[in-house]
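Biologist: I would like to learn how to read side-chain features in a model such as this one. Could we take them one at a time, with the general idea before each case?

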Amino acid sequence: MFTTLQLLSPLCLAVAAQTGGDDRIAELERRIDALANELESLQLGPAPGPTSSAINVLTERRQGVFGFAPSASKIYGIGEGISLGGYGEMLYEDQQGASDQLDFLRAVIYFGAKLDPEWLFNSEIEFEHASVADNNDASDDEAPGSVSVEFAYLEYRPEGGSDFGVRAGLLLVPMGFVNELHEPNVFLSANRPELERQLIPSTWRENGIGVFGETDDWSWRAYAINGFDADGFSAGGLRGGRQKGGKAKAEDFALVARMDYLGTPGLLVGGSAYFGGAGQDNAGFGTTTTSLLEGHVDWRPGAWRTRALGVLGSVDDVKQLNVAQGFVGDQSVGEDLEGYYVEVGYDVVSHIAPESRQELVPFARYERFDTQASVPDGFASDPANDRELLTVGVSWLPTPAVAIKADYVDAAEENGPDIFRLSIGYAF
């Protein structure tokens with residue numbers, strides 16, 4: 001229709017010249033331009049734009065906004081309507097003493113909807129290991145995959161552009177780096193840091209409600225969520241206690257809060273704390289009160305990429321839990337859990353070609369963590385759970401949306417075999 005108006009404009013102006021002179025021509029031109037602009041707006045929709053004073057800084061640092069990675073936070077950059085995004089990863093592993101494996105690790109779709117200027121919906125649907133159907137090879141083996149809702153929440157921000165809001169639904173627990181920021185182009189290694197899979201059991205999500213906010217200098221989140229289920233705790237950590245939003249037991253709840261300082265370019269520093277019961281009305285478990293405390297820093301001076309994270313955790317009533325679960329010897333759940341990692345990388349491309357959008361980052365990361373730092377009297381710790389890992393590798397981003405990575409994980413002798421890994425990932 002816009003093209004038709006453009007074609008009719010000369011005819012209208014010719015008629016006006018015959019009947020009304022210059023004033024009439026000017027008035028018709030104004031009306032035609034106004035109508036054309038209105039129709040173009042209806043066809044294309046409103047122009048997208050940032051809604052937070054901190055959005056540009058955070059996006060440049062690949063940390064998205066309001067606690068989400070860049071692709072996951074696309075909904076915050078549109079005026080109204082629907083947003084789509086996603087990411088995926090394929091991982092090759094050559095593990096000593098085992099068969100090599102090539103796995104399409106995950107394919108993710110982000111779907112968001114700006115419901116009106118103050119309300120929005122955002123979600124992440126994840127397909128893991130490529131298939132959840134039968135292998136169709138007459139073996140009766142089930143494929144290893146799964147489909148999960150990683151997060152899905154409604155959010156209210158008053159006045160449409162406020163840096164404060166309330167959200168409720170299935171929420172990512174705001175601890176560490178990768179639990180919220182787990183797109184493959186925002187961390188360096190071929191797979192996520194092992195500490196952030198075991199001590200902070202990423203991806204960790206629970207049902208709840210909470211508040212959040214951002215300013216130019218600070219970012220914070222505080223949620224009330226259902227607690228862990230201690231029935232899944234083990235000597236290897238708390239990962240099995242995640243309830244993931246599906247028919248979650250809600251006799252015990254937890255509080256989790258996080259705050260980060262963003263006021264210095266290239267620096268993020270902050271911490272988070274979690275506290276809640278995990279007994280979920282199982283009399284044999286006691287309260288099994290669980291707490292986690294972590295601190296983190298990400299500093300990027302020039303071409304350097306440096307990151308550090310430390311975690312302390314504790315679980316009460318572990319002896320009672322062990323007896324109820326039939327754990328003996330070194331099978332005990334840890335009363336205390338602790339660990340840290342330090343990571344250093346250097347972007348060669350930004351040093352030699354500052355205008356390039358590519359990144360080539362050789363890096364090294366040292367991890368040390370123990371899921372049985374202490375156990376109750378009468379039980380023992382398994383040395384294999386006191387883990388020491390050195391990962392060295394390189395991350396290449398030929399464009400900000402694509403990550404191609406290779407690394408080698410050197411494990412201490414009692415911690416299992418060394419692993420060589422290759423991965424390719426994308427985000428949009």
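Modeller: Let us begin with a salt bridge, which is a side-chain nitrogen of Lys or Arg within 4 Å of a carboxyl oxygen of Asp or Glu. Here the side chains of Glu 155 and Arg 167 form one, with 2.8 Å from N to O. The pair joins distant parts of the chain, as Glu 155 belongs to strand S4 (residues 146–156) and Arg 167 to strand S5 (residues 164–172), 12 residues apart; helices (H or I, at least four residues) and strands (E, at least two) are DSSP runs, numbered from the N terminus. This is a predicted model, in which local features need pLDDT of at least 70 and side-chain atom pairs count only at pLDDT 80 or more, whereas totals for chains, interfaces and linings use all residues. Residues are numbered from 1 along each chain as its sequence is written, and side-chain values use heavy atoms, with hydrogens and water left out.

Biologist: Are Glu 155 and Arg 167 buried or exposed?

Modeller: The general idea is that buried means under 20% relative accessible area, exposed means over 50%, and partly exposed lies in between, with a 1.4 Å probe and protein chains only. Glu 155 has a relative accessible area of 1% and is therefore buried, and Arg 167, at 1% relative accessibility, is buried as well.

Biologist: How many salt bridges are there by this rule?

Modeller: The count comes to 18 salt bridges. One of them joins Lys 249 to Asp 229, with the closest N and O atoms 3.2 Å apart; both residues lie in the loop between strand S7 (218–226) and strand S8 (253–261), 20 residues apart. Lys 249 is partly exposed because its relative accessibility is 41%, while Asp 229, with a relative accessible area of 12%, is buried. Another salt bridge, at 3.6 Å from N to O, is formed by Asp 347 and Arg 305, and both of these residues are buried. Salt bridges also link Glu 180, Arg 221, Arg 258 and Asp 260 in a network.

Biologist: Which ring has a charged end of Lys 405 over it, and how should I read such a case?

Modeller: A charge sits over a ring if NZ of Lys or CZ of Arg is within 6 Å of the ring centre and within 35 degrees of the ring normal. The charged end of Lys 405 is over the ring of Phe 187, 4.0 Å from its centre.

Biologist: How many aromatic pairs does the structure hold?

Modeller: Rings of Phe, Tyr and Trp (its six-membered ring) pair if their centres lie within 6.5 Å, and planes under 30 degrees apart count as stacked, over 60 as edge-to-face and the rest as tilted. The structure holds 18 aromatic pairs. In one of them, the rings of Trp 204 and Tyr 274 have centres 5.1 Å apart and planes at 55°, so this pair is tilted. It links distant parts of the chain, with Trp 204 in the loop between helix H4 (195–198) and strand S6 (205–214) and Tyr 274 in strand S9 (residues 267–276), 70 residues apart. Trp 204 is buried at a relative accessible area of 1%, and Tyr 274 is buried at 3%. Elsewhere, ring pairs join Phe 68, Tyr 87, Tyr 110, Phe 151 and Tyr 153 into a cluster.

Biologist: Which residues touch the most other members of the largest nonpolar core?

Modeller: In soluble globular proteins, nonpolar side chains tend to be buried together. A nonpolar core is a set of buried Ala, Val, Leu, Ile, Met, Phe, Trp, Tyr and Cys residues joined through side-chain atoms within 4.5 Å. The largest one has 57 residues, of which Tyr 76, Met 175, Trp 204, Phe 233 and Tyr 274 touch the most other members. Strand S11 (residues 304–315) gives this core its largest share, three residues.
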